[in-house]
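Please look over the sequence and the structure shown here before reading on.

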Amino acid sequence: MSKRTSGSVYVDLVSLAEAAEAPAGPEINVSVGSSSITNGYTQNFGTITVGASSAPVVFSVRNDGTSTLNLGATLGGINPDDFSIDLTGVDLTLEPGESTTASVIFSPTRFGNKSAEVQILSDDLDESPFVIYLSGSAVVSQPNITSLSTYSGLVGSEVIITGTGFTSVDRVEFATGVDALDFSVVSDTEIRVIVPAGAVDGPITVYAGTYSSSSSIFQVLVPPSNLSVSPSEGYVGDEVVISGENLEDTERVTFNGLDADFGAVTDENGNTVIYAVVPEGAETGPLEVRTPGGTARDRGGIRRRGCGCP
Ligand SMILES: [Ca+2]
């Protein structure tokens, strides 16, 4: 700013002083909110529940120098995975007087005290890297299961767990001690989990830090398999013996689509064996056994012998 008065020139001393202070070359100036910060500043994000996220903290970088300031940024330190920096739209080349902003959030995945650091790399002569230390404390909430979408299901099927305090859940376990590898915390009140291989009947338990909560019994269904039928042919009214795997809880036996009377016993090896009677009207065709886990079909099927009137 200058004033011109009757031929004499007066230079504004304040402007002159500012011009004198403007450093030659690039000069980084970092601020959070409206306050400038110095190299080594610590930003504390306070206490956040595991699984939740803090509000973003916006940092702005301005070039107070007289030539171009080139920027880069890295996130490192002890717990970089618990923080994230959003560099969307960041201008990494600042001309004198230009500025750009980036935001950082704290979104811890495990409980405890967390720290990390942002390093702003630039061609500032004496402030590169410009380090901003990040800190925060992660706490967990107590999960509580209130219900399951189903209390039985096959390995590989999905179960929706409903309850409260799920934000911090980092582990889901089936009986007995079988971790679910595939689950997602959809919200604080919903978790979706895939029944893992090896799971057996028992409660589903969710864990958050030192807290846990268990459901009522979940029954793991297994499809019947390896059917073997003896004899493989007979008359209406004949009894056949069906063996195989996972025949417990058999709820239906059919001969070529016709329902048969049947009963189940446990043999000396602990396997379930089904006795079924060839039903009236049965024709030659497949024999099927249905359980809550699915349906198995005898490969050879059963032949109806003669007219069924010996
Ligand atoms: Ca500097």
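Leaving aside neighbours within four places in sequence, Thr189 is in contact with Thr162, Gly163, Thr164 and Phe166; two residues are in contact if their C-beta atoms, placed from the backbone, lie within 7 Å. The structure is a predicted model, in which local features need pLDDT of at least 70 and side-chain atom pairs count only at pLDDT 80 or more, while totals for chains, interfaces and linings use all residues. Residues are numbered from 1 along each chain as its sequence is written.

**Overall content and confidence**

- The protein has one helix and 31 strands; helices (H or I, at least four residues) and strands (E, at least two) are DSSP runs, numbered from the N terminus.
- Of the 310 residues, 27% count as buried. A residue is buried if 20 or more other C-beta atoms lie within 10 Å of its own, exposed if 12 or fewer, and partly exposed in between, with C-beta atoms placed from the backbone.
- Among contacts with a separation of 6 or more, 63% join residues 24 or more positions apart.
- The average pLDDT is 90, and 89% of the residues score at least 70; pLDDT is the predictor's confidence in each residue, from 0 to 100.
- Over residues 1-9, pLDDT stays under 50, and the model has nine contacts beyond four places in sequence for this stretch. Where pLDDT is low, the predicted coordinates should not be read in detail.

**Thr189 and the sheet beside its loop**

- Thr189 is placed in the loop between β18 and β19. Thr189 counts as partly exposed because 15 C-beta neighbours lie inside 10 Å.
- Thr189 and Gly165 are 24 residues apart along the chain, and their C-alpha atoms are separated by 6.5 Å.
- Four strands form an open sheet in the order β13-β15-β19-β18, with antiparallel pairing; two strands pair if DSSP finds at least two bridges between them.
- At the edges of this sheet stand β13 (144-148) and β18 (183-187), each with a single partner strand, so one side of each has no neighbour in the sheet.
- The twist in this sheet averages 30° from one strand to the next. For such angles, axes are lines fitted to C-alpha atoms, for helices over the stretch in contact, and angles run from 0 to 180 degrees between N-to-C directions.
- Strand β15 (residues 158-164) and strand β19 (residues 190-194) run antiparallel and are joined by five bridges. Thr162 has Glu190 as its bridge partner in β19.

**Nonpolar cores**

- The largest nonpolar core has 42 residues, and those with the most contacts inside it are Ile161 and Ile191. A nonpolar core is a set of buried Ala, Val, Leu, Ile, Met, Phe, Trp, Tyr and Cys residues joined through C-beta atoms within 7 Å.
- Strand β12 (residues 130-139) gives the most to this core, with four residues.
- At least three residues of this core come from each of domain 1 (13-139) and domain 2 (144-221); the domain bounds come from an automatic or database domain assignment.
- A second, separate core of 16 residues includes Val229, Val278, Leu287 and Val289.
- Beyond four places in sequence, the contacts of Ile191 include Ile161, Phe166, Val169 and Val206.

**Strand β12 and its partners**

- β5 and β12 run parallel and are joined by seven bridges. Asn44 stands opposite Ser135 in β12.
- Strand β11 (residues 112-122) pairs with β12 in the antiparallel sense over nine bridges, and Asn113 stands opposite Ser137.
- Thr42 lies in strand β5 (residues 41-49), and Thr42 counts as exposed because 12 C-beta neighbours lie inside 10 Å.
- Not counting residues up to four places away in sequence, Thr42 touches Tyr133 and Ser135.
- Thr42 and Val131 are 89 residues apart in sequence and 8.8 Å apart in space, C-alpha to C-alpha.

**Another four-stranded sheet**

- An open sheet has the order β22-β24-β28-β27, and the pairing is antiparallel.
- β22 (225-230) and β27 (262-266) stand at its edges with a single partner strand each, so one side of each lacks a neighbour in the sheet.
- The twist here averages 25° from one strand to the next.
- β22 and strand β24 (residues 239-245) pair in the antiparallel sense over four bridges, and the bridge partner of Ser225 in β24 is Glu245.
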